[in-house]
Amino acid sequence: GETCSHLKAQAAPYIPHMLPILAAGLQDENHGVKRNSAFCCGIFCLNCPDQMGPFTMQVLQGLQPLLKEDEQEEVRDNALGAIARIIRGNPAAVPTAELVGLLAEHLPLTGDEDENGEVVTCLLFVYRATPEALNPFLGKIVSAFVEMLAEEDRAKVLSDDLKVEMLAFISHLAREFAEPMQGVFAALPAGQQQWLAANISA
C-alpha cells in the first residue's frame with residue numbers, strides 16, 4: 001500500500017496486474033491484508049483516476065462488505081479512507097452525495113485515526129465543489145470536526161493546514177447558518193463548547 005502511495009501516477013502500468021490481487025485481498029480472512037488492499041485501492045483511484053475510471057464502481061462494491069458493523073474497526077476505517085480517496089480522484093464516477101453521507105456517519109474514525117485526515121480532506125473538497133451535497137449532513141460533520149479539533153489526542157494526527165481549513169469551515173457555517181448551527185453547538189459536550197467559544201468568532 002505505501003509503495004502505491006509513493007508511486008503516485010507512475011503506478012498506472014501496474015493496475016491491470018494489481019487489481020485482481022487487490023480484489024482477492026479485500027475478501028481475505030486476514031485483517032492486515034484487507035486493510036492494505038483497501039488502502040491500495042484508494043491510492044490507485046486517487047492517483048490514477050483515468051486508468052481506474054472503468055473499475056471504480058467495482059472497487060466500491062469490493063469495499064462494501066468491509067463497512068459492516070461486525071468488521072474490525074481498523075479495516076472499516078481503511079475502507080472509509082479508500083472511499084474518500086475514490087471521491088477525490090473521480091467525483092463524477094461515483095454517487096458522491098450518497099458516499100459523503102456514509103463518511104459523515106462514521107466520523108470521527110477511532111480505529112485508524114490517521115484516516116480521519118483523508119475523510120476530512122474529502123468532505124472539504126466536496127463542499128468546495130458542490131456544497132449542497134453536504135447540506136443534509138452538516139450537523140454531523142460539524143460536531144465531528146469540533147470533536148477532532150477540541151480533543152488533543154485526535155487533533156495531533158491532523159496536519160496544521162487541515163486544522164486551519166476545518167476551523168475556517170466551522171466559522172463559515174456559524175456565520176452562514178447561524179440559527180441551525182447554534183442548535184448543533186448547544187448539543188456538544190461542555191468541554192467542546194468551551195473550545196468553540198475560544199476559537200470561533202461567529
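The model is predicted.

**Helix packing**

Helix α8 spans residues 115–129. Two of its packing partners are described here: α7, residues 96–106, and α6, residues 73–89.

| Pair | Axis separation | Angle | Orientation |
|---|---|---|---|
| α7 and α8 | 11 Å | about 140° | oblique |
| α6 and α8 | within 9 Å | roughly 30° | roughly parallel |

Why is the pair α7 and α8 called oblique? The angle is about 140°. Roughly antiparallel requires over 145 degrees, and roughly perpendicular runs from 65 to 115, so α7 and α8 count as oblique. Their crossing is left-handed. On the α7 side, the contact uses Thr-96, Val-100 and Leu-103. On the α8 side, it uses Val-119, Cys-122, Leu-123 and Val-126. These residues divide into six nonpolar, one polar and no charged.

The pair α6 and α8 crosses at roughly 30°. The cut-off for roughly parallel is under 35 degrees, so the pair falls in that class. This crossing is left-handed too. From α6 come Asp-77, Asn-78, Leu-80, Gly-81, Ala-84, Arg-85, Ile-87 and Arg-88. From α8 come Glu-115, Glu-118, Val-119, Thr-121, Cys-122, Phe-125 and Val-126.

Cys-122 takes part in the contact with α7 and in the contact with α6.

**Cysteines**

How many disulfides does the structure hold? It holds zero. Cys-45 is in no disulfide. Its nearest cysteine sulfur belongs to Cys-41, 6.7 Å away. A disulfide needs two cysteine sulfur atoms within 2.5 Å. Cys-45 is buried, with a relative accessible area of 2%.

For Cys-122, the closest cysteine sulfur is in Cys-45, at 12 Å, so the pair is too far apart for a bond. Is Cys-122 buried or exposed? Cys-122 counts as buried, at 0% relative accessibility.

**Met-166**

Met-166 sits in helix α11, residues 160–176. Met-166 is buried, and its relative accessible area is 0%. Which residues does Met-166 contact, leaving aside neighbours within four places in sequence? They are Val-120, Leu-124, Phe-145, Met-148, Leu-149 and Leu-158. Val-33 lies 133 residues from Met-166 along the chain, and their C-alpha atoms are separated by 32 Å.

How values were computed
Residues are numbered from 1 along each chain as its sequence is written. This is a predicted model: local features need pLDDT of at least 70, side-chain atom pairs count only at pLDDT 80 or more; totals for chains, interfaces and linings use all residues. Side-chain values use heavy atoms; hydrogens and water are left out. Axes are lines fitted to C-alpha atoms, for helices over the stretch in contact, and angles run from 0 to 180 degrees between N-to-C directions. Helices (H or I, at least four residues) and strands (E, at least two) are DSSP runs, numbered from the N terminus. A crossing is left-handed if the near helix is turned anticlockwise from the far one by less than a right angle, and right-handed if clockwise. Contact means heavy atoms within 4.5 Å. Ala, Val, Leu, Ile, Met, Phe, Trp, Tyr, Cys and Pro count as nonpolar, Asp, Glu, Lys and Arg as charged, and the others, Gly among them, as polar. Buried means under 20% relative accessible area, exposed over 50%, partly exposed in between (1.4 Å probe, protein chains only).
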